[in-house]
Amino acid sequence: MGIVLPVLVHAFSVQPGAHIVRALFEADHLTAGPFAEEAAAVDVTEVTLPGTPAARLRLSVPPHSDATLRPVILWMHGGGWISGSPTQIDAYARVLAAQGFTVASLDYTVAPDARYPVPVEQANSALTYLRTEAPRFGGDPTQIFLGGDSAGAQIASQVAALQTSSTLRERMHLTAALESEHLRGVILFCGFHDMDTVMRTGFPALRTFGWAYLGRRDWVTHPRIEELSTVRTATSDYPDVYLTVGDGDPFEDQAYEFDAVLRARGVDVTSRYWTGTGENLPHEYQFDLDTAPGQTVLEDVVAFVEARAT
């Protein structure tokens, strides 16, 4: 009976359904696996960004003593636009930082507490902050990368398009936070990038996610929905991309579609897929650092960033 009631209420309101799904996402916490010792040495600082609503940045900084500035990775966590936080992926951010990067995880305001386009605006504000303040945390503001997982990958991909497409900026009435040459790359884990086809994936509770985020039950017909489809907003000026998705992930076809679109527009794409391997890797598989696939993706990301840093 405790399950039936929320489902019945959800038929008329997004709020109960959003909170149920939020609880499921927030039940999981990541571990650093074999990288625990080096992750533990990473320093973590939090800062509050200006804006309404305000957002926070959780900065993970490796304990390097030299004066060389490091590449910066601004990360957007997953959680279906309605859940998650930087603390949920703290172990992974620390592991990534330990490889020689400054990692800034954005604690954007989740839906339905804030609706679209608030997280995109907060991410753009975070880039503005990093453009001037990254050196305080050992980061190079001319070597910035965007990254995200699941719904965070959708946000990250859209923010990258915002930096490189004047058409999208005009449509959203926003200004680019970075010079395009300072955005060196985008790292996308298990994301979705075409709002016209995403419902065909059958991903659980996706209707609830979109309803909460966009504020209407038929969210795929929202008048601003095309802004979220990076398959349409990414131009030939889009930065280099790293894409990965598991072979057991409902969003596998979304990655393939985005990959093909980017390559057709002349964008440099590095990908890691598992089709035909029989691994049956689930959504967000890359965060399991106790597995060989998780470690492979970590190695990929480090190589991707290092190859584009000067």
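A: Of the 310 residues of the protein chain, 57% count as buried; here buried means under 20% relative accessible area, exposed over 50%, and partly exposed in between, with a 1.4 Å probe and protein chains only. The model is a predicted one, in which local features need pLDDT of at least 70 and side-chain atom pairs count only at pLDDT 80 or more, while totals for chains, interfaces and linings use all residues. Residues are numbered from 1 along each chain as its sequence is written, and side-chain values use heavy atoms, with hydrogens and water left out.

The structure holds one cavity of 30 Å³ or more, a cavity being a set of points, on a 1 Å grid over the protein atoms alone, where a 1.4 Å probe fits but cannot get out. The largest cavity contains about 30 Å³ of space; this volume is the space filled by probe spheres set on the points, which are joined across faces, edges and corners. Its lining, meaning residues with an atom within 4 Å of a point, consists of Trp 75, Ile 89, Tyr 92, Ala 93, Leu 96, Val 103 and Ser 105. By class, six of the lining residues are nonpolar, one is polar and none is charged. In this scheme Ala, Val, Leu, Ile, Met, Phe, Trp, Tyr, Cys and Pro are nonpolar, Asp, Glu, Lys and Arg are charged, and the others, Gly among them, are polar.

Two elements, α4 (90-98) and β4 (102-107), each supply at least two residues of this lining, and α4 gives the most, with three residues. Helices (H or I, at least four residues) and strands (E, at least two) are DSSP runs, numbered from the N terminus. On that basis the protein chain has 11 helices and eight strands.

Ile 155 lies in helix α6 (residues 151-164), and counts as buried because its relative accessible area is 0%. Leaving out residues up to four places away in sequence, Ile 155 touches Met 76, Trp 81, Tyr 108, Pro 119, Val 120 and Tyr 213, where a contact means heavy atoms within 4.5 Å. Its C-alpha atom is separated by 14 Å from that of Val 241, 86 residues apart along the chain. For the protein chain as a whole, 76% of the contacts with a separation of 6 or more are between residues 24 or more positions apart.

The overall dimensions complete this context. A compact globule of 310 residues would have a radius of gyration near 19 Å, and the protein chain, at 18 Å, therefore agrees; this radius is taken over C-alpha atoms, and the globule rule is 2.2 Å times the number of residues to the power 0.38. The C-alpha trace spans about 60 × 45 × 40 Å along its principal axes. The accessible surface comes to about 12,400 Å², of which 52% belongs to carbon and sulfur atoms; such areas come from the Shrake-Rupley method with a 1.4 Å probe.

Several backbone details deserve attention. Most residues other than glycine have a negative phi, and most peptide bonds are trans. The peptide bond from Thr 52 to Pro 53 is cis, with omega near -5°, and Pro 53 is found in the loop between β1 (43-49) and β2 (55-61). The bond from Tyr 116 to Pro 117 is likewise cis, with omega near 10°; Pro 117 belongs to the loop between β4 and α5 (118-133). Although not a glycine, Cys 190 has a positive phi of about 55°. Cys 190 is placed in the loop between β6 (183-189) and α8 (206-214), and at 1% relative accessibility it counts as buried. Asn 280, also not a glycine, has a positive phi of about 55° and sits in the loop between β8 (269-272) and α11 (292-308). At 56% relative accessibility, however, Asn 280 counts as exposed.

Ala 307, in helix α11, is exposed, with a relative accessible area of 59%. Asp 66, in the loop between β2 and β3 (70-76), counts as partly exposed at 46%. Asp 66 and Glu 226 are 45 Å apart in space, C-alpha to C-alpha, and 160 residues apart in sequence.

How values were computed: 1 Å grid on protein atoms, 1.4 Å probe; cavity = no way out; pocket = protein on both sides within 12 Å on 5 of 7 lines; lining within 4 Å.
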